[in-house]
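Please open the model in your viewer and keep the selection tool at hand. The tour goes from one selection to the next and says what is found at each stop.

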Amino acid sequence: MRTAGQDTMADQRGTPRPDSLTGTEALPLLASKITQPDPPTGLVDRPRLLARLDAGVHTPITLLVAPAGWGKTTLLTTWFAQHRTATAITAWLTLEPGDDADRFWTYLHAAITDEISRRLPDHPAVPRPGAAGTGDYLPRFAAAIAALPEPAVVVLDDFHTVTDPRVTGGLEFLLRHCRGRLRLVISGRTEPALALHRWRLAGELTELRSGDLALTIAESATLVTEQGGGLSNERIRELHTQAEGWPAGVRLAALAHRQVEEAAAARQGGDGPGIGLVEYLNAEVVAGQSPAVRETLIRTALLDRMCGDLADALTGRHDGDEHLAAAVRETAGFVVRETPGAVVRDAAGMAVDTATGTVWYRCHQMLGDVLYAELLRRQPDGLVDLHRRAFDWYRTHERPVAALRHAMALAGTGATDWQVPAALADAHWPELLLCGHEDAGRTAVPTAVTSDDPALRLAVVVDRLETAGRLETAGHIVAPPDGPGSDDHPASTALHLVTALARGDFSDAVTYAGRLLAMTGPATTANRRGHRVALVARGAAQLGLGDLARAEQSLIAARADDGPHRCPVRLATGLLALIHAWRGDVTQAQRTGQQALALPSCAGRRCAGHSAAAHLAFALVALHRDDLTDAARHLDQVLMLAVPGADAAVGRLAAVVRAQVDLAHGEYAVATSVPDQQPPPPHDHLEYARLVIVAEARMACGDLGGARALLTMLTGGRRHADPVPRARGTIALARLHLLSGQPAAALSSVPDWSPQATHQLSTVDRIDAGLVAAVATRALGDHRRARELLERVLDLAEPDGHRRVFHHGGSPVRDLLVDHLDSGTRHRGLVNDLVDTAGRRHADRHRPTPTLAEPLTDRELTVLRYLQSTLSNGEIAAELFLSVNTVKTHVRNIYQKLGAPRRRDAVRRARELRLL
């Protein structure tokens, strides 16, 4: 806390007195404005953003633009404290309303003068500012800044409060005339009125927006933990999704997680968001809106998304477009405009009507909850009229799936007959099964359905899954199946199919998908769409069972969809990418995943989850290539996009991939996951894969006995519909034999990985099996055969960029690769790269690195790297611009320090020492 005496300019800081700064009547200068704020407690480490800022100060302007509570100032204070060294010239200025040009230049002068006098006491004094309009100050100030020996970095926080155009004009003048010695870091809720396009075009502008500042799921979990919130992982995920990564929203909910329950209940018509969240949003967002804009947002708060014409239908006015556009400006990002142009959904789940060119808008979920609570407070009896208006608008504009939910809300109140929503559900049940409702809104659909229409029951169950994420809330709607053919309406079978997929009962899901395929066909439009959706659902269930071959067949058939509803194709393509990635066909997985994300989708709430499979495929691709950072990023995206009850197979597979990434990072918590004494069900290949990872983690921890017991259980007579899962356990058992000093047993345990066995093993398993075979063969003394096997492995690995499998092998694989460099390999570049990095993972952490009695100098290390090549001493000298004698001297010193008589021996010894 600052005392009252500290809040005015303190002489001991070396800051000039105010009467020396300006010729106008002096006012006390507040030290708090030119001193960076203390960072709050419970900070989340965000190195990726700090790195962006570090890179940004090499450009003239770094811009942070985001609404309130997105952590702009917190990030800047953290970075400023790290960047401010003993010699760097760094100044901070916090702006406030009323900071006109006179005040701005006076404070900026004080901040920079203080820094220069402290860092460069012998530097000429920076000229004092006079009246802002004299025209004399800025040229003299620019000249003084230009004379600095290094750039001065100035942080201008809360710049959106500055409205005087003389400030922005003066800053542009300084940037033009300071010879690159001025670097501005500007943060605010809106873009500054600078000619940003010029720097953007020149590549001299660094920008961080709310999407960059949004917390990842891991960061949200850390923040909740720091705040002492005892929330489960599932609740943290729900909270993160609702907050959309907004740090203030996560923090407020974490401080009082009772408020989180209330905020979640608001989506179901509960008591509304927590009081702390309401107060913050009202003060920081709602209060800044004009009364007309505020009223429009409140009247449309029952909608997830709105356009100007729809807003007019609900308000009875004719200025919806104007008010929504103003909301985008006045809420500084809590209301967003979505790109115009058929309806598509981007990676963040935003719906865009690209066919009509209608501009759609969306409120941040937490702001929408606050506005909806205000709507209920003001007009508790007005919801029926609003639902009727929304229903009429959607029906008139040929959006029947969006109209359906409002019709259900009306029927639940008795305002209309259940036959109205039943007719819509009968015609559009396939879209409900795959994509869900288009406008879920914030009003709960009643579960007391008086109609026996199976399509209407499907609509209610899907709504419950989308809003509550739990089947229990609608369990009484799903009648127990009475066996095949018990109901002639396909929507009845679709109802059982969607609940089986939500539960993860993949065997039942395959059965219901088969029944649905038999019931649908070309008879009606709905049945044709239903047939395609059933193919996708069957493929997803077969993937969950590990029946990859049949899953691929179902999904390829679903991709043959030539109808206007492209969502089945999009989901099928994403799932195919996931199958390719699981098998290790990296290039094909990446290409297919990109195709999936390029396909348009409708505005259904479940469509957001359709992208999850493609992102999970990308996470596996990154893992195979040993890019753990990219793998974690895509896994976070999967969690963000996943819709409860949409596809349990993708969710469970994501957990398996997450465990693999954790293991690659050397985090062995999964090793303590003790399975039952009995093996998992025969068709549960996801649990089988998880248990193989548990065994791998136990091996890494040195618990070879525990790993052996688990792998013996898994490989003892196991049978799967697809051989890929079974191979993972067999190869892990062979690797265990290697670690136990039994190379002969390892070699006999390795499955057949020859080209003739491609239908039995996936690409990644063939590489892994071949690598274990090569290491075992080398351990048995047959070095020539080991090199032949390794060369075949490299032939498989290089085209797709496989790296992780080599690093997973640890020291034995690295030693094998080191030997291979001298064998005339066709893959020298790849092997060199692998030697540089393999063995540095967790498998080598307990092996001490040898050291030299006398270390190599930097120049000797440079020459050593060239000794790996076939260049002569003279050619190395030419490359390094040295004399031949100098290179010879370095080479002699290298041989002596490494204890090597020849060049090849020196290179080999250097690799053992991990100098290369």
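At what angle do helix α29 and helix α30 pack, and how far apart are their axes? Before selecting them, please note that this is a predicted model, in which local features need pLDDT of at least 70 and side-chain atom pairs count only at pLDDT 80 or more, while totals for chains, interfaces and linings use all residues. Residues are numbered from 1 along each chain as its sequence is written, and side-chain values use heavy atoms, with hydrogens and water left out.

**Two packed helices**

Select residues 648-664 for helix α29 and residues 685-701 for helix α30: the two pack at an angle of about 10 degrees, with their axes 10 Å apart. Helices here are DSSP runs of H or I with at least four residues, strands are runs of E with at least two, and both are numbered from the N terminus. The axes are lines fitted to C-alpha atoms, for helices over the stretch in contact, and the angles run from 0 to 180 degrees between N-to-C directions. The angle makes α29 roughly parallel to α30, a term for angles under 35 degrees.

Next, show the side chains at the contact (heavy atoms within 4.5 Å). On the α29 side they include Leu653, Val656 and Leu663, and on the α30 side Leu686, Ile693 and Ala697 are among them. The residues of this contact divide into 9 nonpolar, 1 polar and 4 charged, where Ala, Val, Leu, Ile, Met, Phe, Trp, Tyr, Cys and Pro count as nonpolar, Asp, Glu, Lys and Arg as charged, and the others, Gly among them, as polar.

**Aromatic pairs**

A search of the whole structure finds 8 aromatic pairs. Rings of Phe, Tyr and Trp (its six-membered ring) pair if their centres lie within 6.5 Å, and planes under 30 degrees apart count as stacked, over 60 as edge-to-face and the rest as tilted.

Select phenylalanine 80 and tryptophan 92, whose ring centres are 5.4 Å apart and whose planes stand at 85 degrees, so the pair is edge-to-face. Because phenylalanine 80 lies in helix α2 (residues 72-83) and tryptophan 92 in strand β2 (residues 89-94), the pair ties together parts that are 12 residues apart in sequence. Both phenylalanine 80 and tryptophan 92 are buried, and buried means under 20% relative accessible area, exposed over 50%, and partly exposed in between (1.4 Å probe, protein chains only).

Move on to tryptophan 246 and tyrosine 280, a tilted pair with 5.8 Å from centre to centre and 55 degrees between the planes. Tryptophan 246 is in the loop between α9 (233-243) and α10 (247-255), and tyrosine 280 is in helix α12 (residues 275-284), 34 residues apart. Tryptophan 246 is buried, at a relative accessible area of 0%, whereas tyrosine 280 is partly exposed at 23%.

**Arginines over rings**

Arginine 728 lies over the face of tryptophan 582, at 4.6 Å from the ring centre, and arginine 792 lies over that of tryptophan 753, at 4.1 Å. A charge sits over a ring if NZ of Lys or CZ of Arg is within 6 Å of the ring centre and within 35 degrees of the ring normal.

**Two loop residues**

Finally, select arginine 179, which has a positive phi of about 55 degrees although it is not a glycine. Arginine 179 lies in the loop between α5 (165-177) and β4 (182-188) and is exposed, with a relative accessible area of 57%. Glutamate 398, also not a glycine, has a positive phi of about 55 degrees; its place is the loop between α17 (383-396) and α18 (400-412), where glutamate 398 is exposed at 69%.

Methods:
Angles under 35 degrees count as roughly parallel, over 145 as roughly antiparallel, 65 to 115 as roughly perpendicular and the rest as oblique.
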